[in-house]
Amino acid sequence: MASPGEEVTSDESGEESNAMNLMEFSDEILLHILRYTPVSDLVLNVRRVCRKLSVLSLDKSLTHAVTLHKDYQVDKDKVKQLMREIGKEIQELNMSGCYWLPGSTIDQVTRCRNLVKLNLSGCNLTSLRLSKMLSALQHLRSLAIDVNPGFDASHLSSECKATLSRVLELKQTLYTPSYGVVPCCTSLEKLLLYFEILDRSREGLIISGQLMVGESNVPHYQNLRVFYARLAPGPVNQEVVRLYLAVLSDRTPEKLHAFLISAPGGFPQSCAVKNLLDSMARNVTLDALQLPGSWMNGSSLLQRLKFSNPVYFSFSRCSLSGSQLVQRVLNGGKDLRSLVSLNLSGCVHCLSPDSTLRKAEDEIDSSIAETLVASCCHLRHLNLSCAHHHSSEDLGRHLCQLLAHLKCLLSLALPVCSIADVSPVPADKPSVQPATNATSPSFGKKVRIGVQTYPRNCLEQGNSRPQPSVFWTLLESLPFLQQLELIGSSFSSAMPRNEPAIRNSLPPCGRAQHVGDAEVAAIGQLAFLQSLTLAQLPNILTGSGLVHIGAQCQHLRTLSLANLGMMGKVMYMPALVDMLKHCRCLRDLRLEQPYFNANAQFFQALSHCSSLQRLCIISRSGSLQPDAVMAFMTACLEVIMCHMFTGESLTVCKTLQQSLIKSFQASRPALNVVIFPLLHEDLTEVIRDVPMMHLDEITLFKSRVAEEPPNLWG
C-alpha cells in the first residue's frame, strides 16, 4: 500500500485489484475447504474470524460428524465447550483413543442426545458412567467401548439396556473376562471383539477365563451379519472367545456373511467350533473369511464353504499350498474381481503347487502367481510377507513383473527376498558381487566411519532413472500405492507382546543380500506413498535410497525402519539424518536398530519433522543423549508420544522420563512418555500401561497390510 502523498503506480494498483480474497469464494467452495479443518478448530476458533465463517463453521454438513480421534491438543475444557456449542447437532462422535480425558469429560457426551454413532474405545469408562450416558442416547445404533476390570453389567439401568437393545453395531475391547454389554444388544448385526486380556493381574494372580453363564447373559446372534474377533497372545483370550463362539455353534445366523477370527500362534479347535464351522458350511454364504491357521490346516473346510462375491480373504499363517489356493479360493482361476483385500502373510507354500515336498527357500511356481493376478485383477490390498517367495530366472516370470499387472493396488507387503533381481547378467557386463561387509548376517568387518559415504549429489541422481530392475518396474506400474512394506522373511522384533525382549534374531534370507540401496531408492517413485516399512535389509550400505524417499515422497506420514544393514554398525545414519530433513509431513516414526546412537545430530535432523507426533526407538545396546531429547521435544511441539527402549541404565531412563513429563505434560495433555531399558525384566509390566492405540499402531511391530477388511469399522 502507498503511504499518504505517494503515487500508486498502475502495476501496484493492478496487483491489488487482482488479489484474491478468500471470503469472495462461494459458500459451497468454502464449505469444501472447511471440511479439512477439525471440527474443534471450526467451532472454537475459525468461527470467530468473521461473520461469514461464523455461519459456515456451524453448518450441519460440518458438525453432524465430529472426530476427536488423534486430536491430541483437545483438552477437557475444549471438549466441554464443544459439547455446549454443538452437542445437539452431533449425530456421529468419534472419541476413540482419547485416553487423557477424565471420566467427567466423557460425561459431556450426554449433551449429544441425537447421537446415532458413538466410539469411546480407549476412553475412561466405568459401567455406572456408561449406564448414565446410554440412558440419554435413545437414537444410538452404533457403539464402541472398552470393558475394563471392575465392569459390572448389573449396574446398567433399564433405560441403558433399552438403548442397547436397539444397537445394531458393537465394537468391544475386553481387558477382563466378560460378556460386556453383548447380552443386552439383542438386535446386533455387526459384532467386533478385541481380546486384550492378560494372563496375570498386576498382583501376579492368574486370571481365569470362565464366565457366568445364564439366561440373562447369553449373547443374541440371530440377526448377526458380521462377526470379527482379534485375540492378543495368551490362553485366557482363547478361553473367553470360545464362550462367545459356543452360542454361535448352537444356531448359526442365517444372514451371516462375514466371519473373521484373528489369533496368533496355536489355537486348538474345540468341538463347539467344529460344529459351528460345519453349520456355516451348510447354511451360510460368505463374502469375507479369516480363520486361525490351525483350524484350516489339513481340513476340507475351504472346499465346503460357499462364497458369493468375496471382498476379503485372510489365510495368514495357514499351510495353504498353491494348488489349494487356485482350486479352493480362486475357483480354478475364475473371475474374482470382487476381491478387494487378500492376506497371505506367513503362507510359505501358497505360491508352490505342493507343500509336502517343498522347502521354504525353493522357487515359486509363477503360473500360480499369474492365476492369482488374473483372477483378482481389482485387488487393492495384498500381503505376501513372512515367507520366502523366490522367483526363477525365466524371462518375464518374476513375481514383481506379475504383480505389476495389479494396477489398483493401494497397499502391498512383500518379503525382502521376493524383490531380488535374479535375471541373468548379460555377457558384456561384469557381475557385481555384494560387498564383503554386507554378506554377513550379523557382524561384518570393521568399517571406517565418520565420513558421509553416499554420493553428495544423490538427489540429482534420483531424477535420472538407474539401470531398471524388476522392483523398479513394479513400483513404476503402481503409481498410486499408498502403503508399502518390505519385511525380511525371518525378521522378528526385539520387543514382542507380553514376553521379555528377544536378544537374538535369525539371519536374513540369502537372496535378501541382493536387495540394497538401489532398490530402496526405487521407492522414491511413489509420489502418493503415506506409509513405509523396511525391515531386515542386510545389504543397505550407505542408506542413500532413504534420501530419495525423503525428498520425493512428500506425503509420507508413517515410517518404520528396522535392522537395516549390518547389525553391529549403523552405517546409514548420515543418510537417515538427510532424509529426515525432508519429511515435513511425517507423523509417526519407529526405529528398531541394535547399537543405534540417538545423539544430538539425529535429534536435530528429527526436529525438521514439524508434523511429528509419535516417536518410538527400540535399540538393543543402543544409547541416547538426554539433553538432545529435551531439545527435540522443545522444538517439536506436536510430539505427544515418546517411547525409547535402549541399553541405557534404569536411572538414566527414569530421570529423562520424569524430566519430559514435568516439562511438557501441562502443555500437551495427551503426552505419553516411556523411557526404559529394553532388556530389563520389568519391561512387560511397563508395556501394559501404554495406551492401546499407541501400542497397537506403532510400538509393537507387525505387518498391517490387509490385516483386516477395509472399512470394517467406519
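Take the contacts in the protein chain between residues at least 6 apart in sequence: 77% of them join residues at least 24 apart. The model behind this figure is a predicted one. The protein chain has 714 residues, and 52% of them count as buried. Its secondary structure comes to 26 helices and 22 strands.

A handy place to start looking is a pair of helices, α20 and α21. Helix α20 covers residues 544-552 and helix α21 covers residues 573-580, and the two pack with their axes 8 Å apart at an angle of about 5°. Angles under 35 degrees count as roughly parallel, and α20 and α21 are therefore roughly parallel to each other. On the α20 side, the contact is made by Ser-544, Leu-546, Val-547, Ile-549 and Gly-550, while α21 brings in Ala-575, Asp-578 and Met-579. Sorted by type, the residues of this contact of α20 with α21 come out as five nonpolar, two polar and one charged.

With a relative accessible area of 8%, Asn-563 falls under the 20% limit and so is buried. Cys-386 is another non-glycine residue with a positive phi, here of about 60°. Cys-386 sits in the loop between β12 (381-383) and α16 (399-403). At 21% relative accessibility, Cys-386 counts as partly exposed, because the buried class takes in values under 20%.

What about the cysteines and disulfides? The count of disulfides comes to zero. Cys-616, for instance, is in no disulfide: the nearest cysteine sulfur belongs to Cys-642 and is 9.0 Å away. A disulfide would need the two sulfur atoms within 2.5 Å. Cys-616 is buried, with a relative accessible area of 0%. Cys-112 is buried too, and its relative accessible area is also 0%.

A search of the whole structure turns up 15 aromatic pairs. One of them joins Phe-480 and Phe-528 in a tilted arrangement, 5.7 Å centre to centre and with 35° between the planes. These two residues are 48 apart in the chain: Phe-480 lies in the loop between α18 (470-476) and β14 (483-487), and Phe-528 in the loop between α19 (517-522) and β15 (531-537). Phe-480 counts as partly exposed at 49% relative accessibility, and Phe-528 is likewise partly exposed, at 41%.

A second pair, Phe-491 with Phe-701, is edge-to-face, with the rings 4.9 Å centre to centre and 70° between the planes. This pair links parts of the chain 210 residues apart, Phe-491 being in the loop between β14 and α19 and Phe-701 in the segment after α26 (692-699). Phe-491 and Phe-701 are both buried, whereas Phe-480 is partly exposed. Elsewhere, Phe-596, Phe-602, Phe-603 and Phe-632 come together as one aromatic cluster.

Gln-81 is found in helix α6, residues 76-86. It is partly exposed, with a relative accessible area of 25%. Which residues does Gln-81 contact, leaving aside its neighbours within four places in sequence? Leu-44 and Arg-48 are the ones. Gln-81 and Leu-44 are 37 residues apart in sequence, and their C-alpha atoms are 7.9 Å apart in space.

Terms used. Residues numbered from 1 in each chain as written. Predicted model: local features only at pLDDT ≥ 70, side-chain atom pairs only at ≥ 80, totals over all residues. Heavy atoms only, no water. Buried < 20%, exposed > 50% of the residue type's maximum accessible area, 1.4 Å probe, protein only. Axes fitted to C-alpha atoms, helices over the stretch in contact; angles between N-to-C directions. Helix = DSSP H or I, 4+ residues; strand = E, 2+ residues; numbered from the N terminus. Parallel < 35°, antiparallel > 145°, perpendicular 65-115°, else oblique. Contact = heavy atoms within 4.5 Å. Nonpolar A, V, L, I, M, F, W, Y, C, P; charged D, E, K, R; others polar. Phe/Tyr/Trp six-rings, centres within 6.5 Å; stacked < 30°, edge-to-face > 60°.
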